[in-house]
Amino acid sequence: AQSVAQPEDRVTVAEGNPLTVKCTYSVSGTPYLFWYVQYPNQGLQFLLKYITGDNLVKGSCGFEAEFNKSQTSFHLKKPSALVSDSASYFCAVRDTVMGAAGGAEHKLLSLVQPIS
């Protein structure tokens, strides 16, 4: 079984402030973790992924995420939010035990709307 949870329906931060979009996961094997972003009126875009190695993953547009095995979390962060970061953010997990048949589960729950 594989699942992700984004506990906050909406995240609102002022422009220039740090941004965190939380994600926790549940897997029975080794987790492959992903973040995607969907800007208004655009398709889903890949941001970053954790497969193995360094727990701190750097992505595009200044985003990063930290893999925390003990807390089963993969929170997306950005030191200084921009108004242009307003979007829907998807956290996804793939369980390696599932092999090729296992797709990523994701929930769209977090919307970032920095205040200008």
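This note sets out points on the fold, the cysteines and the surface of the structure.

1. Basis. The model is predicted, with local features requiring pLDDT of at least 70 and side-chain atom pairs counted only at pLDDT 80 or more, while totals for chains, interfaces and linings use all residues. Residues are numbered from 1 along each chain as its sequence is written, and side-chain values use heavy atoms, with hydrogens and water left out.

2. Secondary structure. The chain contains ten strands and zero helices; these are DSSP runs numbered from the N terminus (helices: H or I, at least four residues; strands: E, at least two). The order of elements from the N terminus is β-β-β-β-β-β-β-β-β-β.

3. Disulfide. C23 and C91 are joined by a disulfide, S to S 1.9 Å (a pair of cysteine sulfur atoms within 2.5 Å). C23 sits in the loop between β2 (19-21) and β3 (24-26) and C91 in strand β9 (residues 87-95), so the pair ties together parts 68 residues apart in sequence. The torsion about the S-S bond of C23 and C91 is about -70°, so the disulfide is left-handed.

4. Burial of cysteines. C23 and C91 are both buried, whereas C61 is exposed, at a relative accessible area of 51%. Buried means under 20% relative accessible area, exposed over 50% and partly exposed in between (1.4 Å probe, protein chains only).

5. Chain totals. Of the 116 residues in the chain, 36% count as buried. Among contacts (heavy atoms within 4.5 Å) with a separation of 6 or more, 58% are between residues 24 or more positions apart.

6. Surface. The accessible surface of the chain is about 6200 Å², and 52% of this belongs to carbon and sulfur atoms. Accessible areas come from the Shrake-Rupley method with a 1.4 Å probe; for residues, only the protein chains shown count as cover.
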